[in-house]
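Subject: Structure handover

Hello,

Here is the structure for your files. My notes on it follow below.

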Amino acid sequence: METKVVGFNSKELIEAITTNQVVCFPTETVYGMGVVYDSLDAFNELVKTKERKPDKPFTLMLDNPSLVKEYAYVNEKIEKLILKYMPGEITLLLRPKEDIYPWVKLDSKYVGIRVSGKEEVCSLISKVGKPMLVTSANISGQKVCEDFNETYGVFKGKVPYIVKGNTSSNTPSTIVICDEELILVREGSIKFEEIKKVWEE
């Protein structure tokens with residue numbers, strides 16, 4: 001497979017995503033790789049490219065925080081976290097709506113939802129016209145790609161398009177489960193204690 005290096009505004013990039021192909025692009029945290037969320041073929045392609053077992057859901061990435069409630073149940077506490085931290089370096093694990101595609105939630109009780117703090121990523125998803133399933137750019141079990149050169153080195157010949165650009169924090173997003181209580185899954189640049197204060201206000 002030929003891998004082309006493009007910018008976020010590439011029409012070919014949008015076309016590739018809308019035809020179920022995997023692409024790599026920089027987020028504000030690390031490099032990501034993603035596909036459209038509403039295609040099982042695209043999901044399978046992402047699993048294959050990342051070389052990961054198909055039993056772990058990918059993050060659902062939206063272009064606007066106001067859309068979170070369309071895909072998951074949101075209460076007042078969750079709403080406070082959305083208002084405070086989205087867009088930004090946080091992934092909220094929420095209870096999904098019943099009609100969400102089965103490959104988006106798999107057998108998990110939750111769906112991870114994120115709105116990138118990088119404007120170009122939100123603009124890309126907006127141009128695609130639907131959410132994307134996004135994961136860090138790496139082969140499963142290997143180091144996460146933090147910049148373009150690392151990503152190109154790993155995924156040249158494996159994906160049709162890689163967006164050349166910059167990340168800023170090089171730290172994956174903080175992940176929290178939002179249910180009856182708030183549970184930390186992974187701490188990134190946003191500290192759990194800070195999130196907890198907003199949750200309990």
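In these notes, buried means under 20% relative accessible area, exposed over 50%, and partly exposed in between, with a 1.4 Å probe and protein chains only. Helices (H or I, at least four residues) and strands (E, at least two) are DSSP runs, numbered from the N terminus.

This is a predicted model, in which local features need pLDDT of at least 70 and side-chain atom pairs count only at pLDDT 80 or more, while totals for chains, interfaces and linings use all residues. Residues are numbered from 1 along each chain as its sequence is written, and side-chain values use heavy atoms, with hydrogens and water left out.

Helix α2

In α2 (residues 40-50), the buried residues are A42, F43, L46, V47, T49 and K50. They pack against β3 (31-36), α5, β7 (132-136) and α7 (148-155), where contact means heavy atoms within 4.5 Å. The N-terminal end of α2 is capped by S39, with a side-chain oxygen 3.3 Å from the backbone nitrogen of D41. After α2 comes E51, with a positive phi near 60°.

Backbone exceptions

Most residues other than glycine have a negative phi, and most peptide bonds are trans. N20, which is not a glycine, has a positive phi of about 70°. N20 sits in the loop between α1 (11-18) and β2 (23-26) and is partly exposed, at 25% relative accessible area. L106 also has a positive phi, near 50°. This residue is in the loop between α5 (102-105) and β6 (111-115), and its relative accessible area of 22% makes L106 partly exposed. The peptide bond from M86 to P87 is cis, with omega near 0°; P87 lies in the loop between α4 (76-85) and β5 (90-94).

Cysteines

How many disulfides does the structure hold? There are zero, a disulfide being a pair of cysteine sulfur atoms within 2.5 Å. For C122, the closest cysteine sulfur is that of C24, and at 18 Å it is too far for a bond. C178 is in no disulfide either, as the nearest cysteine sulfur, in C122, is 19 Å away. Both cysteines are buried: C122 has 12% relative accessibility and C178 has 3%.

Largest pocket

A pocket is found on a 1 Å grid over the protein atoms alone, as an open set of points where a 1.4 Å probe fits, with protein on both sides within 12 Å along at least five of seven lines; lining residues have an atom within 4 Å of a point. Grid points are joined across faces, edges and corners, and the volume is the space filled by probe spheres set on the points.

The largest pocket has about 670 Å³ of space. It is lined by 30 residues, of which T59, T135, S136, I175 and R186 are the closest to its centre. At least two lining residues come from each of β3, β4 (59-62), β5, β6, β7 and β10 (182-186). The lining divides into 13 nonpolar, twelve polar and five charged residues. Here Ala, Val, Leu, Ile, Met, Phe, Trp, Tyr, Cys and Pro count as nonpolar, Asp, Glu, Lys and Arg as charged, and the others, Gly among them, as polar.

K69

K69 is in helix α3 (residues 68-71) and is partly exposed, at 48% relative accessibility. Apart from neighbours within four places in sequence, K69 contacts V74 and K97.

Regards

Technical notes
Polar contact = N/O pair within 3.5 Å; in protein donor to acceptor, adjacent residues only side chain to side chain.
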